[in-house]
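Subject: Structure for you to look at

Hello,

Here is the structure I said I would pass on. Please open it first, then read the notes below it.

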Amino acid sequence: MKIKFLWLYLLLVGSFVHSAHADTLYITLEKDNALAIVDGATGKLTKTVKIGKRPRGIVLSKDQKQLYIAASDDNTILIIDTATLKVVGRLPSDKDPETFAMDPNGEFLYVSNEDDNLVTVIDIAKRKAVKQIPVGVEPEGIAVSPDGQWVISTSETTNMAHWIDRAKLEIVDNTLVDPRPRSAVFTSDGKQLWVSSEIAGNVSVFDVATKQLVKKIGFKIPAVTQEKIQPVGMRIDKNRRYAYVALGPSNRVAVIDAQKLEVIDYYLVGQRVWNLEFSPDEKRLYTTNGVSNDISIIDLENRKVIKSVAVGQYPWGLAVKP
Amino acid sequence: MKFACKTPLIGLLCLTLVVSAEAAPKKTALPEKEPSKPSPALTANLSVAYLAQDKANPPTLPFFLTQPADVGMQGARLGIADNNTTGRFTGQSFQLKTNQLAADADATAAFKQRVAEGYRHILVNLPSEAVASLAKLPEASNVLIYDVGSSDDSLRGENCSANLLHLLPSRAMRTDALMQYLNKKRWQKIFLVTGPEEADQQYAAAVKRSAQRFGVKIVAEKPWQHHFEERRTPESAVPVFTQGVDYDMLVVADEAGIFGDLFAYRTWQPRPVAGTQGLIPSAWHFTHEQWGALQLQNRFRDQAKRWMTEKDYAAWLAVRAIGESASRAKSTDFDKIKGFMLGSEFALAGFKGVPLSFRPWDGQLRQPVLLSTDRSLVAVAPIEGFLHQKNELDTLGVDQPESQCHNPTHSGNGQKP
């Protein structure tokens, strides 16, 4: 008996110590209608749970107790309890929600409604849509500036970044960007806005104060045709030292010197790499690879892709909980 | 919405309550769904005309193959709607004047009238001979004509005009796409069956040119007369017609769709069919969903209540090319739009994964070609591995050195890198 208890004790303590350093990944599986849960430190798939139809965009709540997940074919955003992994509510996102962003206080969500050319603003606490803002054709990328002043919506066919004043919830300016803008990301200091263009195959960096273009960053990978280089998801580290861009069917993640705005390396990851997320300490980068049905884990300190983890069909988005 | 779902026992009940309560008042909770009025004070207008004509002697098709009357026009309408969504932010407004002429109407007169009314961007969905003669009218010299209905190679070759742009893939592009695929599959022996119509002959000519380019051998070629006498049925005629030849794939040239469908499953040997029937190269197909295409398919279906055809797609592309150029050139001025559209910066997103642009030597829009069967998308050409020194899309169709269009005024600043 004693031995048994010792084992139990070690197991409990061990897992406690372990979890203190670990992070948990939540990955939406577009074709499996499910959510995969992966331990970031060990790279083990721990659980898969069925959720709504065609889950795509995923955001962790400010208190980290809930996940918001766009169930595109259910025309809703699901609220999922991170402890029980049960659906505890729904947010009225309107038709076909795909991507959305949360404001810095965690009070509102801004949702791209691709088919209706709208951005829906949701009050999370009230579970209510408070406004719909008409934007360009096929809104896709959406981002809120760290100071909460701007909401940026990029529309794929109109080829614009719309500058929405967050206080007024009105478009106050529009910037033409390269064809099929996909993702928009602010640097953590809020000084720059980065927009990736799938068809142009580049990333445009804008100065937020002047709304002027700073630089267009192109990509060139030996033995990969230019058409395969389709920039989608992006992440920029807190110190704006390095930025990472998922390059879709080229199966690469580009590493960019975020000060010089120059590409310095490419990581080979799974097929059709779509979205990216850091571990909380920014020592690892996780990628969802839609076609190879796995995620890649990149060790950023040693600059190495260390693992790929099979998670299920069409991994789309991911959120990381410390 | 204040439900306190605190105890786990009533959690499920609570959830159901929340869900149903949310579902009902959703519509009323959303204030404005109407697009707001143009915000910029000054709106620049741009009018686009669309001209089409009913066929004089349409071929007799099976009862289940009726063509909707608004093929092409619906694509132009959707393009205008898309342009106007963008135009709300750029202060540009687009209008469409459509004209579907009766078979015996005078297309030239209708075209001249549009020009006289001031239209300078005119989409035409007309037979290739009509397009060629319209383009050569003195009235057309300061106009851009967008050919959204023809695949004719001569219209892009010896009969080309500087004011003429082609949105559908040429026959040469289509057959190149097919031959690239056959080359990749190593199905390199084909049996070519050509129908009696002029268009069929032209399709067959394109097949021959492409076969030679991509190492495919035409091991047999037979004309199909298509007259079934008494006791001569497809069941009896097709096996005999295809007997005694060793080939990999039967390629049919039957653009009107009169007889090509009779071949599959009736040939002497079990062989697949491609060309104008079977595995078909086209600009657009309802099974295509990659690269965001599903969004265009959905948008079109919402508007037209039917699937998008390739002529709808061509007309949509034409209107989008105008809209994209107007927003990039920040102007609705004809010369500025034309300059941008035919310049090296023009990159049109056509939901086929790569930027589309016009070839300066013949006004053809470069684009991938879809290879599909009835209900399945099989491949998208250019097929991987077929390389080109400038743009892989130029492995499809007539490249600059071989172009018969010696009218070097599809101006702009040369081709894209």
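The structure holds 17 aromatic pairs over all chains. A pair means rings of Phe, Tyr or Trp (its six-membered ring) with centres within 6.5 Å; planes under 30 degrees apart count as stacked, over 60 as edge-to-face and the rest as tilted. In one of the pairs, the ring centres of Phe214(B) and Phe386(B) are 5.3 Å apart and the planes stand at 90 degrees, so this pair is edge-to-face. The two residues are 172 apart and link distant parts of the chain: Phe214(B) is in the loop between α8 (198–213) and β7 (217–223) of chain B, and Phe386(B) is in the segment after β14 (376–381) of chain B. Helices (H or I, at least four residues) and strands (E, at least two) are DSSP runs, numbered from the N terminus. Phe214(B) and Phe386(B) are both buried; buried means under 20% relative accessible area, exposed over 50%, and partly exposed in between, with a 1.4 Å probe and protein chains only.

Trp224(B) and Phe259(B) make a stacked pair, because their planes are at 20 degrees, with ring centres 5.7 Å apart. Trp224(B) lies in the loop between β7 and α9 (234–241) of chain B and Phe259(B) in the loop between β8 (249–253) and β9 (273–275) of chain B, so the pair ties together parts that are 35 residues apart in sequence. Both Trp224(B) and Phe259(B) are buried.

Before you go on, some notes on method. This is a predicted model, in which local features need pLDDT of at least 70 and side-chain atom pairs count only at pLDDT 80 or more, while totals for chains, interfaces and linings use all residues. Residues are numbered from 1 along each chain as its sequence is written, chains are lettered from A and ligands numbered from 1 in the order in which they are written, and side-chain values use heavy atoms, with hydrogens and water left out.

Now chain A as a whole. Chain A has 1 helix and 28 strands. Of its 322 residues, 61% are buried. Its accessible surface comes to about 12,900 Å², of which 52% belongs to carbon and sulfur atoms; accessible areas come from the Shrake-Rupley method with a 1.4 Å probe, and for residues only the protein chains shown count as cover.

Two arginines in chain A sit over rings. By this I mean that NZ of Lys or CZ of Arg is within 6 Å of the ring centre and within 35 degrees of the ring normal. Arg241(A) lies over the face of Tyr242(A), at 4.7 Å from the ring centre. The charged end of Arg272(A) is over the ring of Tyr314(A), 5.4 Å from its centre.

Next, the salt bridges. How many salt bridges does a search of the whole structure find over all chains? There are 41 salt bridges, each a side-chain nitrogen of Lys or Arg within 4 Å of a carboxyl oxygen of Asp or Glu.

In chain A, Glu198(A) and Arg182(A) form one of them (2.9 Å, N to O). Glu198(A) is in the loop between β17 (192–197) and β18 (202–207) of chain A, while Arg182(A) is in strand β16 (residues 181–186), 16 residues apart. Glu198(A) counts as buried at 5% relative accessibility, and Arg182(A) is buried with a relative accessible area of 8%.

In chain B, Asp176(B) bridges to Arg213(B), with the closest N and O atoms 2.4 Å apart. Asp176(B) lies in helix α7 (residues 171–185) of chain B and Arg213(B) in helix α8 of chain B, so parts that are 37 residues apart in sequence are tied together. Are these two residues buried or partly exposed? Asp176(B) is buried, at 0%, whereas Arg213(B) is partly exposed, at 34% relative accessibility.

Arg266(B) forms a salt bridge with Glu235(B), the closest N and O atoms being 3.2 Å apart. Arg266(B) is in the loop between β8 and β9 of chain B and Glu235(B) in helix α9 of chain B, 31 residues apart. Arg266(B) is partly exposed, at 26%, and Glu235(B) is partly exposed, at 49%.

Regards
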